[in-house]
Amino acid sequence: MSSSVASRSTEPPDNDIVFFARLRRAGVGLRHAEFVMDQFTKEEQRDTKTNWWSVFQSEKNRLGTGMLDTFLGPRGRGKTAMASMLVGCECWRNTEPLYATAMELAADIRKSFEDHSDRRRRFERCSLLVIDEFHRADKTDWAERLMESLLDHRYRYKRDTIIIGNDSPEDFVKHCGSSVASRIKECGKIVILDGEDFRLIGDKHE
Ligand SMILES: Nc1ncnc2c1ncn2[C@@H]1O[C@H](COP(=O)(O)OP(=O)(O)O)[C@@H](O)[C@H]1O
Ligand SMILES: [Mg+2]
């Protein structure tokens with residue numbers, strides 16, 4: 001397995017199966033876990049000349065800084081894939097990153113009130129938290145307060161968080177709430193991924 005994609009390695013996985021299992025345990029879906037596996041293990045499949053790849057490299061260098069970065073752009077531009085790659089970098093180091101959509105996250109925490117489990121702590125403490133589909137987040141008071149306090153907790157403990165949405169930057173800042181917006185200003189970057197639609201590129205080759 002090549003290590004050049006994940007340079008902060010401390011405890012690399014024993015083999016591909018362990019790495020894949022870590023990705024899936026982190027919540028990365030099968031499709032994106034397979035994509036990450038290919039990028040990590042099959043150098044010939046990496047297209048390192050693209051803007052996507054250079055953005056990935058600069059985001060990778062921000063891991064461990066307590067970042068609160070936001071990936072925005074239309075569908076199919078590789079937002080989830082890039083965040084999954086960053087989860088992959090953390091899996092490589094054998095830390096415990098987590099990926100969830102905003103809706104899954106809220107539902108999971110809500111469930112923990114029923115079964116008294118400690119799911120919320122997992123989201124607070126994981127090394128990297130990716131919150132995908134932020135534009136679909138539950139807009140109830142409860143869910144908004146939950147999101148704000150989770151992001152505030154991670155901010156205070158300098159844990160990396162990535163938020164993914166489909167909004168324009170202006171709409172995103174308007175809708176994410178003033179507390180989140182001000183934290184993004186301090187330790188976040190808004191990354192716009194609006195290159196070619198990878199889903200259409202795939203069609204062209206079929
Ligand atoms: N850099 C890339 N090179 C090739 N295929 C990619 C790349 N990024 C994403 N893809 C593929 O394109 C599709 C859409 O990517 P995805 O990350 O789901 O887009 P988004 O989250 O922006 O809607 C997926 O099948 C993914 O594996
Ligand atoms: Mg996506």
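Ground rule for the ligand shell: I call a residue near a molecule or strand if its C-beta atom, placed from the backbone, lies within 6 Å of it.

**Housekeeping.** This is a predicted model, where local features need pLDDT of at least 70 and side-chain atom pairs count only at pLDDT 80 or more, while totals for chains, interfaces and linings use all residues. Residues are numbered from 1 along each chain as its sequence is written, and chains are lettered from A and ligands numbered from 1 in the order in which they are written.

**Ligand 1.** I looked up the 13 residues around ligand 1, and G78, K79, T80, A81 and F198 come nearest. By type, the shell around ligand 1 has four nonpolar, three polar and six charged residues. (Ala, Val, Leu, Ile, Met, Phe, Trp, Tyr, Cys and Pro count as nonpolar, Asp, Glu, Lys and Arg as charged, and the others, Gly among them, as polar.) Which helix gives the most to this shell? Helix 4 does, with three residues. At least two residues each come from helix 2 (30–41), helix 4 and helix 10 (198–205).

**Whole chain.** I count ten helices and five strands in the protein chain; these are DSSP runs numbered from the N terminus (helices H or I, at least four residues; strands E, at least two). Along the principal axes, the C-alpha atoms fill a box of roughly 50 × 35 × 30 Å. For 206 residues a compact globule would have a radius of gyration near 17 Å, and the protein chain agrees, with 17 Å. (That radius is taken over C-alpha atoms, and the globule rule is 2.2 Å times the number of residues to the power 0.38.)

**Helix pairs.** My axes are lines fitted to C-alpha atoms, for helices over the stretch in contact, with angles from 0 to 180 degrees between N-to-C directions. Under 35 degrees I write roughly parallel, over 145 roughly antiparallel, 65 to 115 roughly perpendicular, and oblique for the rest. A crossing is left-handed if the near helix is turned anticlockwise from the far one by less than a right angle, and right-handed if clockwise. Residues are in contact if their C-beta atoms, placed from the backbone, lie within 7 Å.

*Helices 3 and 4.* Helix 3 (residues 51–60) packs on helix 4 (residues 79–92) at about 40°, with axes 10 Å apart, so helix 3 is oblique to helix 4. Their crossing is right-handed. W52, V55, F56, E59 and K60 of helix 3 meet M82, M85, L86 and C89 of helix 4. I get seven nonpolar, no polar and two charged residues in that contact.

*Helices 7 and 9.* Helix 7 (residues 141–156) and helix 9 (residues 178–187) pack at about 25°, axes 10 Å apart, which makes helix 7 roughly parallel to helix 9. This crossing is left-handed. Helix 7 brings E148, L151, D152 and Y155, and helix 9 brings S179, V180 and R183. The tally here is three nonpolar, one polar and three charged.

*Helices 1 and 2.* The axes of helix 1 (residues 16–25) and helix 2 come within 10 Å and cross at roughly 140°, so helix 1 is oblique to helix 2. I noted a right-handed crossing.

Key
Contact = placed C-beta atoms within 7 Å. Nonpolar A, V, L, I, M, F, W, Y, C, P; charged D, E, K, R; others polar.
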